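Me: Please go through this model with me. I would like each label set against its definition.

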Amino acid sequence: MPAYFVVNITVRDPAKFEAYRQAVPAAIAKFGGRYLVRGGAVEVMEGDPGLDRVVILEFPDAAAARAFYTSEEYAPLLALRLSAADGTMALVEGLPA
């Protein structure tokens with residue numbers, strides 16, 4: 001069953017974040033992930049979701065998503081992202097195909 005990272009971030013250091021943005025796609029792809037949403041325009045329809053830059057990543061399953069997040073490849077990129085932006089990230093399981 002697919003799994004998704006749902007991410008909402010606020011960039012504090014655009015230069016550092018750009019370095020992260022350029023480097024991370026290869027690590028995501030290595031673990032079978034792909035972008036579904038990558039920082040597009042947000043139009044709020046109800047309430048105040050507090051969304052800024054929204055990213056949704058799809059992985060084949062939760063194990064692949066966790067393997068990406070805890071990988072040696074992602075560790076330095078995670079540190080770079082955390083130094084450049086604040087935010088939230090959640091792993092959500094999807095529906096069977």
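**Fold, cavity and ring pairs**

Reply: From the N terminus on, the protein chain runs β-α-β-β-α-α-β, which gives three helices and four strands. Helices (H or I, at least four residues) and strands (E, at least two) are DSSP runs, numbered from the N terminus. The model is predicted, so local features need pLDDT of at least 70 and side-chain atom pairs count only at pLDDT 80 or more, while totals for chains, interfaces and linings use all residues. Residues are numbered from 1 along each chain as its sequence is written, and side-chain values use heavy atoms, with hydrogens and water left out.

Me: Why does Ala62 count as buried?

Reply: Buried means under 20% relative accessible area, exposed over 50%, and partly exposed in between (1.4 Å probe, protein chains only). Ala62 has 8% relative accessibility, so Ala62 counts as buried. Ala62 is in helix 2, and its C-alpha atom is separated by 9.4 Å from that of Phe5, 57 residues apart along the chain. Of the 97 residues of the protein chain, 33% count as buried.

Me: What are the labels for Ala27, Ser71 and Ala75?

Reply: Ala27, in helix 1, counts as buried because its relative accessibility is 8%. Ser71 is found in the loop between helix 2 and helix 3 (75-84), and at 7% relative accessibility Ser71 therefore counts as buried. Ala75, in helix 3, has a relative accessible area of 43%, so Ala75 is partly exposed. The C-alpha atoms of Ala75 and Met89, 14 residues apart in sequence, are 15 Å apart in space.

Me: Which residues line the largest cavity, and which lie nearest its centre?

Reply: Lining residues have an atom within 4 Å of a point. The largest cavity has 16 of them, with Tyr20, Tyr35, Val55, Leu57 and Arg81 nearest its centre. At least two lining residues come from each of strand 1 (3-11), helix 1 (14-30), strand 2 (34-38) and strand 3 (53-59). Helix 1 supplies the largest share, five residues. By class the lining has 12 nonpolar, no polar and four charged residues, where Ala, Val, Leu, Ile, Met, Phe, Trp, Tyr, Cys and Pro count as nonpolar, Asp, Glu, Lys and Arg as charged, and the others, Gly among them, as polar.

Me: Why is the pair of Phe31 and Phe68 called edge-to-face?

Reply: Rings of Phe, Tyr and Trp (its six-membered ring) pair if their centres lie within 6.5 Å; planes under 30 degrees apart count as stacked, over 60 as edge-to-face and the rest as tilted. A search of the whole structure finds nine aromatic pairs. In one of them, Phe31 and Phe68 lie 6.2 Å centre to centre with 65 degrees between the planes, which is edge-to-face. The pair links distant parts of the chain, 37 residues apart: Phe31 is in the loop between helix 1 and strand 2, and Phe68 is in helix 2 (residues 62-69). Both Phe31 and Phe68 are buried. Ring pairs link Phe5, Phe17, Tyr20, Phe31, Phe59, Phe68, Tyr69 and Tyr74 into a cluster.

Me: How do you know that Arg38 lies over the face of Tyr35?

Reply: A charge sits over a ring if NZ of Lys or CZ of Arg is within 6 Å of the ring centre and within 35 degrees of the ring normal. Arg38 is at 4.4 Å from the ring centre of Tyr35 and lies over its face.

Technical notes: On a 1 Å grid over the protein atoms alone, a cavity is a set of points where a 1.4 Å probe fits but cannot get out, and a pocket is an open set with protein on both sides within 12 Å along at least five of seven lines; lining residues have an atom within 4 Å of a point.
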